[in-house]
Amino acid sequence: MITVGLLGCGNIGRVIAAGQENFKITAVYDVVPARVEEFAREFDAKPFSDFTAFLAEPTDIIVEAASVVAATEHAQEVLESGKDIVIMSVGALADKEFRAHLVATARDLKRKIHIPSGAVMGLDNIRIGQISSINKFVLRTTKNPKSLSREATERTQLFSGKAHDCVRQYPKNTNVAESLSIACGRDVDVELWMDPEEDRNMHEIFFEGEFGEAYIRIRNLPSPDNPATSYLAALSILTLLKNLDNPLVIGA
Ligand SMILES: NC(=O)C1=CN([C@@H]2O[C@H](COP(=O)(O)OP(=O)(O)OC[C@H]3O[C@@H](n4cnc5c(N)ncnc54)[C@H](OP(=O)(O)O)[C@@H]3O)[C@@H](O)[C@H]2O)C=CC1
Ligand SMILES: O=C([O-])CC(=O)C(=O)O
């Protein structure tokens, strides 16, 4: 049985906990002490309000499902403690120096940094961007204003530019932009729209290169507990955890 330390007892944390089978969340940590206690009681885990004590608890892997700030603050010490990490708040890796340092630490200590597919599809073969030429890569994300904690009466563009700037400005909504950038090996172009007529979290990917061209459109249902986060993102990390001990590895 794989033992998991969960950093972040929110929406995604709850979906993971409800789906435990071949892994067990044994330790939990969050900035909100009451949330940790309640979560620990409900899912039979040990609650922690101190991160150092949480990390010292024997677990095989730490799953970050909290925030870009949490991933930035804690990923390095998780690896240095000798544990693998799953990073959901991928926006933390938009800082290239930070990412390079993290990857170097993982390589030195023979540890893994897992990045779930999250709220998009296609990360597997988008990795061909690392070995063959790409002429165009655009992510167009459209969400209901509520998912962005805003109000609007008409379709409005909030951002146009590079992924690393977008996720810096919208860290709760555009982690996928950084995942796509890491997968294809370049800082992708991003458009972020809010649309009061759209009730889904929609991600459209336009990808052209030596291989040909692709258009992927994902129309995600928002999570009931957090409309900023697509339910697919929670299912994705749960699938990753269920496959950690599977010798059959599928995808590029
Ligand atoms: N990679 C991807 O494709 C996707 C990534 N995400 C990201 O996944 C993460 C989790 O999402 P979700 O579960 O919906 O978010 P929630 O806000 O529902 O849950 C996150 C929990 O972590 C807590 N938290 C925040 N910062 C810290 C910190 N520094 N230390 C400890 N606990 C902290 C939050 O507390 P509080 O409420 O006080 O902030 C909250 O309890 C988010 O960063 C989200 O943006 C989401 C969708 C797709
Ligand atoms: O869940 C989504 O649709 C995307 C998201 O919030 C993110 O990438 O941070």
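I began with contacts in the chain between residues at least 6 apart in sequence: 65% of them join residues at least 24 apart. Two residues are in contact if their C-beta atoms, placed from the backbone, lie within 7 Å.

I noted the ground rules next. This is a predicted model, in which local features need pLDDT of at least 70, side-chain atom pairs count only at pLDDT 80 or more, and totals for chains, interfaces and linings use all residues. Residues are numbered from 1 along each chain as its sequence is written, while chains are lettered from A and ligands numbered from 1 in the order in which they are written.

**Overall build.** I looked up the secondary structure and found nine helices and 13 strands. These are DSSP runs numbered from the N terminus: helices are H or I with at least four residues, strands E with at least two. The radius of gyration is 18 Å, close to the 18 Å that the globule rule gives for 252 residues, so the chain is as compact as a globular protein of that length. That radius is taken over C-alpha atoms, and the rule is 2.2 Å times the number of residues to the power 0.38. The C-alpha trace spans about 45 × 45 × 30 Å along its principal axes. Buried residues make up 41% of the 252.

**Domains.** I found domain 1 at 2–115 and domain 2 at 123–226; the bounds come from an automatic or database domain assignment. Their C-alpha centres lie 25 Å apart. Domain 1 puts 10 residues into the contact and domain 2 puts in 12.

**Ligand 2.** I listed the residues around ligand 2, among them Gly118, Asn173, Asn201, Asn220 and Ala233. A residue counts as near if its C-beta atom, placed from the backbone, lies within 6 Å. Helix H8 (175–184) and strand E13 (226–230) each supply at least two shell residues. E13 gives the most, with three.

I checked UniProt: an unreviewed entry lists His203 for "active site". Such annotations may be inferred rather than shown by experiment. His203 sits in strand E10 (residues 201–209). Is His203 buried or exposed? His203 is buried, with 26 other C-beta atoms within 10 Å. The cut-off for buried is 20 or more such atoms, exposed is 12 or fewer, and partly exposed lies in between; C-beta atoms are placed from the backbone. Leaving aside neighbours within four places in sequence, I noted contacts of His203 with Ala119, Val120, Leu139, Thr141, Val176 and Ile218.
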